[in-house]
Amino acid sequence: MKRSKSTYQRRRISFSIHDFHQVVQQIETLAKAGAEIKPEDFYPEVKKHRGKSRDLPMNDVALRTAIENHLAIRLAANPSIKRTDPLFLTQKGGPYSPNTLQEHLALMQRLWAGIERASSHSGRRTLMTNIIHEQKKSVKIAQKIAGHVSPSTTLIYEEPPEESLKEALRDAGYQYVG
């Protein structure tokens, strides 16, 4: 499936002091000239995410089957669905906003899976930590999978899991106090 188009609506605007001063001067000049002033003409550009999309294999047969079943049910209910439509829909039938989707994923992890401090990022963190610590792969490999431009972004996942700290101290003859 292709990615669905974003329905992002800007709710916040931030300017540097220098840019804000320039905008105020532009508005002042236009106002003195009697020109119509529309606020949206002065909004700064939305910074686009620099990350590149990437395809990763979906090897989990159960997950792939569940998604295929989900799509089959949706297609049976509405044959006019296109490949570019969102994969998951809200109760009202529209696409999820990024915030709502994150909240729902975190709730599912907390309530259904019993993960106490889960967030929408938990799975990503678990995968990256597993790749670096359990599989002993390089940060470069984890960086490629995560789609990070810089390896320094990926290094946050190199933080050793608490179990590794306990094990290292126990092997050295000390008791871990966390």
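Met 108 is partly exposed, with a relative accessible area of 30% (partly exposed lies between buried, under 20%, and exposed, over 50%, using a 1.4 Å probe and protein chains only). Met 108 sits in helix H3, residues 98–111 (helices are DSSP runs of H or I with at least four residues, strands are E runs of at least two, and numbering starts from the N terminus). The model is predicted, so local features need pLDDT of at least 70 and side-chain atom pairs pLDDT 80 or more, while totals for chains, interfaces and linings use all residues. Residues are numbered from 1 along each chain as its sequence is written, and side-chain values use heavy atoms, leaving out hydrogens and water.

**Overall fold**
- The protein chain has seven helices and zero strands, giving the pattern α-α-α-α-α-α-α along the sequence.
- Of its 178 residues, 12% are buried.
- Among contacts (heavy atoms within 4.5 Å) between residues at least 6 apart in sequence, 40% join residues at least 24 apart.

**Surface**

**Helix H4 and its surroundings**
- Helix H4 spans residues 122–134, and its buried residues are Ser 122, Met 128, Thr 129, Ile 131, Ile 132 and His 133.
- Those buried residues pack against H3, helix H5 (139–146) and helix H6 (151–154).
- Just after H4, Lys 136 adopts a positive phi of about 60°.
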